[in-house]
Amino acid sequence: MKSKALVAVQWILLLLSLVFWVLYLRGDIETPAVIIASISSVTFGVMFCYQLFD
């Protein structure tokens with residue numbers, strides 16, 4: 001993954017997951033926050049592993 005667009009997507013997913021996990025843990029937003037955080041965390045993890053072993 002040498003594309004700058006994919007790297008930007010990875011950073012956005014990481015920041016999105018961090019923000020929504022914090023919102024979930026603070027108790028501001030419950031169900032939507034945990035769904036968005038989980039999806040973005042898993043997607044970031046898959047993309048990161050693909051980049052490591054590419």
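Reader: Why does Ser-17 count as buried?

Author: Buried means under 20% relative accessible area, with exposed over 50% and partly exposed in between (1.4 Å probe, protein chains only). Ser-17 comes out at 5% relative accessibility, so buried it is. Bear in mind that this is a predicted model, where local features need pLDDT of at least 70, side-chain atom pairs count only at pLDDT 80 or more, and totals for chains, interfaces and linings use all residues. Residues are numbered from 1 along each chain as its sequence is written, and side-chain values use heavy atoms, leaving out hydrogens and water.

Reader: What does Ser-17 touch, not counting residues up to four places away in sequence?

Author: Ala-37, Ser-40 and Ser-41, where contact means heavy atoms within 4.5 Å. Ser-17 itself lies in helix α1, and the buried residues of α1 pack against α2 (31-52). Besides Ser-17, the buried residues of α1 include Leu-13 and Phe-20.

Reader: How do you know that α1 has a span close to the expected one?

Author: A helix here is a DSSP run of H or I with at least four residues, numbered from the N terminus. The expected span is 1.5 Å times one less than the number of residues. Helix α1 covers residues 4-26, 23 residues, and reaches 33 Å from first C-alpha to last, close to the 33 Å expected. Just after α1, Gly-27 has a positive phi of about 90 degrees.

Reader: What makes the Trp-21 and Tyr-24 pair edge-to-face?

Author: The whole structure has 2 aromatic pairs. Here the ring centres of Trp-21 and Tyr-24 are 6.0 Å apart and the planes sit at 75 degrees, so the pair is edge-to-face. Rings of Phe, Tyr and Trp (its six-membered ring) pair if their centres lie within 6.5 Å; planes over 60 degrees apart count as edge-to-face, under 30 as stacked and the rest as tilted. Trp-21 and Tyr-24 are 3 residues apart in α1, so about one helical turn separates them.

Reader: And why is the Phe-44 and Phe-48 pair called stacked?

Author: The centres of Phe-44 and Phe-48 are 5.8 Å apart and their planes are at 20 degrees, so by the plane-angle cut-off the pair is stacked. Phe-44 and Phe-48 are 4 residues apart in helix α2, again about one helical turn.

Reader: Why does Phe-48 count as partly exposed?

Author: Phe-48 has 39% relative accessibility, which falls in between the buried and exposed cut-offs, so partly exposed is the label.

Definitions and conventions. Helix = DSSP H or I, 4+ residues; strand = E, 2+ residues; numbered from the N terminus.
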